[in-house]
Amino acid sequence: MRDRRGTQAVSPVPLGVDDSGWVPVTAGESGATVFRSADATRYAKCVPAADAADLKAERDRVAWLSGQGVPGPRVLDWQSGDAGACLVTAAVSGVPADQVPAEDLRVAWERIADAVRRLHGTPVSRCPFRRGMDAMVAVARDVVARDAVNAEFLPVDQQRTPATELLGRLTRQIPQRREQEAADTVACHGDLCLPDIILDPQTLDVSGFVDLGRLGLADRYADLALLLANARETWTGEEQARAADTAFAERYGIDHDRLRFYLHLDPLTWG
Ligand SMILES: Nc1ncnc2c1ncn2[C@@H]1O[C@H](COP(=O)(O)OP(=O)(O)O)[C@@H](O)[C@H]1O
Ligand SMILES: [Mg+2]
C-alpha cells in the first residue's frame, strides 16, 4: 500500500498477536497500521475488517514470492476476525532504500535494477496473480467516480486539473497500452517505491522487497515508472537523476511515454 508516515494514535498490541512489545512503524493513510516487534525480527500489518480481503491478498503474494527465489518476507502468522486482520511477516533485515543518502542509493542502484530484473524475470506462467492495466483502470474509474483521488499523490502540475480530465487523457491511450502490455507482461511488484526495497546498510545489497499487496502480472513499465519517479526524491540534482535514469535505461531500453502513462495512472488508483 502507498507508504505515508503518520502519527495517528494506534493500539500498542497488534490484533490477535502475542503482546511481546510492538512498536508502531507507520500509520498509513491506506488504513493499514504496521508494527515492528521489539527485537526487530518481525513485522505486523493490521487492518480494519473492511480491508481484510486486501491484506489476505498480500498474505498470499508474500507466500508465493518466498518460493520464487526473489528475496522478500516470509509469512509467520495470520489472524482475521470481526475486529480486523493482521499479517505477521519475518523482517527483511536492513534499511528501507528511501532512508539512505543519495550517494549510497547510487551505489545500490545497479543492484536494485538487478533485483527488479530478477523479480520481473520470474516465469510468467508461475505467477497466479494479475495486476493488469485494465484492472488498474477499473480501480481508477471507481476512485475518480467517488471523487476520492488524493491530490497529494498527483504530480504537482496535475493537482489543479479535474481527475475526470486526467483519467480521460489516460483512457485515450488504453488500446496502445493494452497491446504493449500483452507483449511485455512480467511479474510486477505493483507499488515499487523505495520504502518497500530493503537494503543491507553495510554492503548496500538488496535484502528484499516488502509490501507485496499489489504484486501481479503487469507491464514492467508499471513498476519502472514508480521506482524512477520515487528515486528522484533522493537524487540531489537533475544531473544525478539523469545519470541514474540512464543506468536503468541501459538495462531496460526505457520508453519515456510509456513510463509517463503508468506514472499518471497510479495516483488515480489510491482512494
Ligand atoms: N517484513 C518486513 N521486513 C522489513 N521491513 C518491513 C517489513 N514489513 C514492513 N516493513 C517496513 O515497514 C514499512 C511499511 O510497511 P508496508 O507493508 O510497506 O505498509 P504500507 O502498506 O502502509 O506501505 C515498509 O516500507 C518497510 O520499511
Ligand atoms: Mg509500503
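What distance separates the centres of domain 1 and domain 2, taken over C-alpha atoms?

Modeller: The centres of domain 1 and domain 2, taken over C-alpha atoms, are separated by 22 Å. This is a predicted model, in which local features need pLDDT of at least 70 and side-chain atom pairs count only at pLDDT 80 or more, while totals for chains, interfaces and linings use all residues. Residues are numbered from 1 along each chain as its sequence is written, and chains are lettered from A and ligands numbered from 1 in the order in which they are written.

Domain 1 covers 22-90 and domain 2 covers 95-269, with bounds that come from an automatic or database domain assignment. Where the two domains meet, 12 residues of domain 1 are in contact with 13 residues of domain 2 (C-beta atoms, placed from the backbone, within 7 Å). On the domain 1 side, seven of the touching residues are nonpolar, two are polar and three are charged (Ala, Val, Leu, Ile, Met, Phe, Trp, Tyr, Cys and Pro are nonpolar, Asp, Glu, Lys and Arg charged, and the others, Gly among them, polar).

The protein chain as a whole has eight helices and 10 strands (DSSP runs numbered from the N terminus, H or I of at least four residues for helices and E of at least two for strands), and its C-alpha trace spans about 50 × 45 × 40 Å along the principal axes.

One pair of helices is α3 (residues 133-145) and α4 (residues 163-171), whose axes come within 9 Å and cross at roughly 160 degrees (lines fitted to C-alpha atoms over the stretch in contact, with angles from 0 to 180 degrees between N-to-C directions). These two helices are therefore roughly antiparallel (over 145 degrees; under 35 is roughly parallel, 65 to 115 roughly perpendicular, the rest oblique). A140, R141 and V144 of α3 make the contact with A163, T164 and L167 of α4, a set of four nonpolar, one polar and one charged residues.

Another pair is α6 (residues 220-231) and α8 (residues 256-265), which pack at about 80 degrees with their axes 8 Å apart, so α6 is roughly perpendicular to α8. Here Y221, A222, L224, A225, L228 and A229 of α6 meet R258, L259, Y262 and L263 of α8, and this contact contains nine nonpolar residues, no polar ones and one charged.
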